[in-house]
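Colleague: Could you walk me through this model? I'd like to go over a sheet, a cavity and a loop.

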Amino acid sequence: MARPGKPTFVCAECGNTTSKWSGRCEACGAWNAIQEDVPLSTGPAAKTLGSERGRTVPLSDLSAREAPPPRTACGLSELDRVLGGGLVPASAILVGGDPGIGKSTLLLQAAAAFASRGLKVVYISGEEASAQIRMRAQRLGLGDATVALGAETNLRDILTTLEAERPDFAIIDSVQTMWADHVASAPGSVAQVRAAAHELTSFAKRRNTAIVMVGHVTKDGQIAGPRVVEHMVDTVLYFEGERGHQFRILRAVKNRFGPADEIGVFEMTGAGLAEVTNPSALFLSERGTPSPGSVVFSGIEGTRPVLCEFQALVAPTPHAQPRRQTVGWDGGRLSMILAVLEARCGIPFTGLDVYLNVAGGMKVTEPAADLAVAAALLSAREDAALPPETVVFGEISLSGALRPVSQTENRLKEARKLGFSAAIAPEGGKTVDASGLRLTRMNDLASFVGEVFGAG
């Protein structure tokens, strides 16, 4: 622990504290992540935390005054879904995403939607002037929205304005541009980001105001600043998407008031972000004639079933070390599936480059996609296309056995709704209604290889 009075340094990736600066963090190994940290000894007095500090209320005797008001839905069903059913009063929300992905556009549309529902909304930007925000609002057709605009970076002035306005919903764009005058550090530093997030979160709880803070992301896709900021807030949302594709995905990474890993899908248009109520049809809209290496996976994102396409390419390598390249899927899990195919099914991939892609820029993390990945790899290796009306899902264990996955019936319903007539899934699990689908159950990976590709 650093001595009092001496400068301390903290790692922005893991929060490790040291007494001197170094180029590499000794705790997590991150490079160029250590920044000077200023203690909050000169911070605001205890009274800024609210007059209710230290007061306890019996859980069984919550009065109507203490009970939180109901959620407020904005009318954007995709955003309401990700928030868990609507905006919760006194909540702190952190939104991150790549530059230019559409965070400010989404929040401006959300501000106008909440204002139309009768909420008092304040939009404060530290990156744009009020006139620039107004220009964007007119381009989006929101010029008549009753949203109060502000351009400021001084945290004290922002809190004073919010204290006077008492809005129901406030947007801070972005938290990295805010600076607190009681912290002797540059804007965007670890100490400044932590102080700004702490003060804004405290204000949200004290004044029953829902606050959304926009956070910049690092090159690794993580929200810049200390990870403690993500622990402070109630909800963490990531706005994802590929610049070459028109749709964006709003994903809930943390949500104290609803399911995590829920997604909302939007399409970027000239008039702003449009909701996509049927994301499965969008992800499969560009799917042409089925070719070797193409397999449709029926997945679950949060509470919503989503169909997407896995594409694999297997080709002889001219290099001594074959390449293993993945987009939208975990590279370590791909190596595991290749090892299981070779060890349990006798199908080697030695001397072959392997490329795996989730079409449309979708990111899949659930292990239920293992069987779809294996099917795509075998289809590309054997140059044999699967039937176009078939969906595949299932988890593969290291023994080669196929494990049942959750929400099988919802996966099959979504596939049936989009016109698929056959499905391949693991044996076991709950009995499901597969009416309208030709459901094939498989016990292990070797049976799947022999049944579908006649080998193994």
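Predicted model: local features only at pLDDT ≥ 70, side-chain atom pairs only at ≥ 80, totals over all residues.

Modeller: Residues are numbered from 1 along each chain as its sequence is written, and side-chain values use heavy atoms, with hydrogens and water left out.

Colleague: In what order do the strands of the open three-stranded sheet run?

Modeller: Strands here are DSSP runs of E with at least two residues, helices are runs of H or I with at least four, and both are numbered from the N terminus. Two strands pair if DSSP finds at least two bridges between them. Strand 2 (17-18) and strand 3 (34-37) are the edges, each pairing on one side only. With antiparallel pairing, the order is 2-1-3.

Colleague: Which residue in strand 3 is the bridge partner of Thr8?

Modeller: Strand 1 (residues 8-11) pairs with strand 3 in the antiparallel sense, over four bridges. In strand 3, the partner of Thr8 is Asp37.

Colleague: Which element gives the most to the lining of the largest cavity?

Modeller: A cavity is a set of points on a 1 Å grid over the protein atoms alone where a 1.4 Å probe fits but cannot get out, and lining residues have an atom within 4 Å of a point. The largest has a volume of about 90 Å³, taken as the space filled by probe spheres set on points joined across faces, edges and corners. Of its 13 lining residues, those closest to the centre are Leu79, Leu83, Leu107, Val212 and Leu237. With four residues, the top contributor is helix 2.

Colleague: How many residues of helix 2 are buried?

Modeller: Buried means under 20% relative accessible area, exposed over 50%, and partly exposed in between (1.4 Å probe, protein chains only). Helix 2 is mostly covered, and of its 14 residues the buried ones number 13.

Colleague: Is Ile101 buried or exposed?

Modeller: The unreviewed UniProt entry has a "binding site" annotation that includes Pro99 and Ile101, though such annotations may be inferred rather than shown by experiment. Pro99 is in the loop between strand 4 and helix 2, and it counts as exposed because its relative accessibility is 57%. Ile101 is found in the loop between strand 4 and helix 2. Its relative accessibility is 2%, so Ile101 counts as buried.

Note on methods. 1 Å grid on protein atoms, 1.4 Å probe; cavity = no way out; pocket = protein on both sides within 12 Å on 5 of 7 lines; lining within 4 Å.
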